[in-house]
Amino acid sequence: MRVWNKSAWREKPRVQMPDYSDSELLEKVEAQLLRYPPLIFAGEARNLKVHLGAAARGEAFLLQGGDCAESFEQFSADRIRDMFKVILQMAMVLTYGAKVPVIKVGRIAGQFAKPRSDPTEVQDKQELPSFRGDIINDLTFCPESRRPDPNRMLWAYTQSVATLNLLRAFSTGGFADMNRVHAWTLEFAKGEGAEQFQEISSRIQDTIDFMAAAGITADTTHEFSTVEFYTSHEALLLEYEEALTRVDSITNQWLAGSGHMLWIGDRTRDPEGAHVDFIRGVLNPIGLKCGPTLTPDDLKRLLAILNPQNEAGRMTLITRFGTGRLADHLPKLIRAVKEEGADVLWVCDPMHGNTTKSSTGYKTRSFNSILSEVREFFCVHEVEGTVPGGVHFEMTCDDVTECTGGFRPITDDDLSSRYHTVCDPRLNASQSLELAFLIAEELTNYRSVLTHL
């Protein structure tokens with residue numbers, strides 16, 4: 001394996017990244033970021049790697065979720081709190097179903113850049129660069145707004161610092177108390193149409209009551225009122241990633257200080273490309289999006305580059321095929337991993353393969369298709385004798401109308417009422433929690449797979 005340095009990616013083919021017109025300003029911003037503290041610590045990344053290694057063995061389960069792309073304009077303390085709240089509720093329900101700890105990882109405090117299918121878009125016969133996320137350019141459709149601006153990296157860093165500070169306070173300050181979290185879930189289950197979830201909610205309450213009777217409460221047990229919460233994002237804008245990459249003083253390894261877990265997208269996984277070259281050298285746990293065009297040989301090559309030591313918890317493979325397509329693609333990749341003896345965590349992203357255009361012209365995703373892909377994911381792993389180790393969602397705490405379906409059904413005609421996404425359609429809070437309940441049932445059915453392999 002060739003020697004790595006954090007700037008070598010600049011000599012590799014680059015895709016899905018902006019071309020900054022002001023090179024002097026870019027260098028100035030990179031130099032400023034280089035002086036800033038990293039957003040996360042190496043010990044946190046190592047701890048997450050241990051947890052992900054456990055999930056790969058069926059001893060834990062990963063819940064990874066958050067916005068498709070974080071927004072500068074929509075940023076607020078209330079939205080951070082509410083997103084954290086929804087993820088905690090989902091994690092409690094999934095814990096009940098899986099009977100193992102649920103690892104909570106947010107697409108937050110760094111998920112500002114988005115790959116795009118087309119480099120430009122046209123409105124009213126005017127063609128401009130596509131919106132690539134707030135860290136790069138602005139959603140407003142005018143030449144000045146769509147011009148990549150390096151200063152936006154500083155804005156993204158500042159927002160990420162504030163987000164992480166609040167998340168750490170919520171994680172340890174009593175907000176995550178188990179009784180409080182389940183009280184929110186009970187309230188959801190009592191809502192109109194949610195009767196099917198009351199039985200699971202009651203069983204969770206019985207478990208909490210039993211633990212309290214045994215003396216296990218927030219007053220006696222630290223774990224009852226605190227949680228570990230980690231951040232993740234796609235490592236797309238490499239100027240930003242490099243500037244926040246530092247040497248861990250304990251291990252002398254390089255740490256990507258922008259987030260606990262980074263992933264490579266389906267469009268940026270070229271083994272000879274800039275993104276793979278950069279991410280192979282950091283100690284963080286890393287994800288790899290696996291779409292229909294990924295061949296078994298491609299996967300083997302990427303595993304050899306990204307995890308040559310076959311380190312447990314290092315590699316998370318995030319599948320994104322679309323409902324009805326897993327049986328054609330996933331078994332081949334699973335068998336390739338087995339042939340290599342690779343230690344990986346398999347996670348299902350049922351969002352990106354199920355994007356369609358509604359009859360009313362909106363980009364959307366069907367709740368039923370999302371759930372169907374998760375179920376297919378579990379079925380394939382049962383047949384292959386491997387561990388279905390987690391799920392990955394684009395979701396929001398807001399009451400948006402972007403994905404159709406759910407027990408409080410959103411139709412094509414409803415999409416226009418609260419369609420607020422800056423990029424891809426997201427599950428709203430109600431749909432996210434409903435999905436957690438339904439997946440908990442799947443986890444109960446496949447518990448033998450998770451605990452005995």
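The lining of the second largest cavity divides into six nonpolar, three polar and two charged residues. This cavity belongs to a predicted model, in which two cavities of 30 Å³ or more are counted.

**Second largest cavity**

- The volume of the second largest cavity is about 40 Å³.
- Its lining is made up of G110, Q111, F112, A113, I135, H233, E234, L236, L237, Y240 and E241.
- Strand β5 and helix α8 (238–243) each contribute at least two residues to the lining of the second largest cavity.

**Largest cavity**

- The largest cavity holds about 170 Å³ of space.
- Its lining has 15 residues, and those nearest the centre are D67, E70, R79, I80 and I108.
- Helices α3 and α5 each give at least two residues to the lining of the largest cavity, and the largest share, three residues, is that of α3.
- By class, five residues of the lining of the largest cavity are nonpolar, six are polar and four are charged.

**Second largest pocket**

- The second largest pocket has a volume of about 440 Å³.
- It is lined by 24 residues, and P115, R116, S117, R267 and D424 are the closest to its centre.
- Strands β3 (120–123) and β13 (363–366) each provide at least two residues of the lining of the second largest pocket.
- The lining of the second largest pocket contains 14 charged residues, along with seven polar and three nonpolar ones.

- Strand β2 spans residues 102–107, and six of its six residues are buried.
- Both faces of β2 are covered, with V102, K104 and G106 buried on one side and I103, V105 and R107 buried on the other.
- Strand β1 (residues 61–66) pairs with β2 in the parallel sense over six bridges.
- K104 in β2 is the bridge partner of L63.
- Between β1 and β2 the chain passes through helix α3 (residues 77–98), and this β-α-β crossover is right-handed.
- β2 also pairs with strand β5 (residues 229–234), again in the parallel sense, over four bridges.
- Y230 in β5 stands opposite V105.

**Aromatic pairs**

- The model has 13 aromatic pairs.
- F72 and W155 form a stacked pair, with 4.2 Å from centre to centre and 20° between the planes.
- This pair links distant parts of the chain: F72 lies in the loop between β1 and α3, W155 lies in helix α5 (residues 151–172), and the two are 83 residues apart.
- F72 has a relative accessible area of 8%, so F72 counts as buried.
- W155 has 46% relative accessibility and therefore counts as partly exposed.
- The rings of F170 and F175 form a tilted pair, because their planes stand at 40° with the centres 4.8 Å apart.
- Both F170 and F175 are buried.
- One aromatic cluster is formed by F84, F170, F175 and F229.

Terms used. Residues are numbered from 1 along each chain as its sequence is written. This is a predicted model: local features need pLDDT of at least 70, side-chain atom pairs count only at pLDDT 80 or more; totals for chains, interfaces and linings use all residues. Side-chain values use heavy atoms; hydrogens and water are left out. On a 1 Å grid over the protein atoms alone, a cavity is a set of points where a 1.4 Å probe fits but cannot get out, and a pocket is an open set with protein on both sides within 12 Å along at least five of seven lines; lining residues have an atom within 4 Å of a point. Grid points are joined across faces, edges and corners, and a volume is the space filled by probe spheres set on the points. Ala, Val, Leu, Ile, Met, Phe, Trp, Tyr, Cys and Pro count as nonpolar, Asp, Glu, Lys and Arg as charged, and the others, Gly among them, as polar. Buried means under 20% relative accessible area, exposed over 50%, partly exposed in between (1.4 Å probe, protein chains only). Two strands pair if DSSP finds at least two bridges between them. A crossover is right-handed if, with the strands pointing away from the viewer, the path from the first strand over the helix to the second runs clockwise. Rings of Phe, Tyr and Trp (its six-membered ring) pair if their centres lie within 6.5 Å; planes under 30 degrees apart count as stacked, over 60 as edge-to-face and the rest as tilted.
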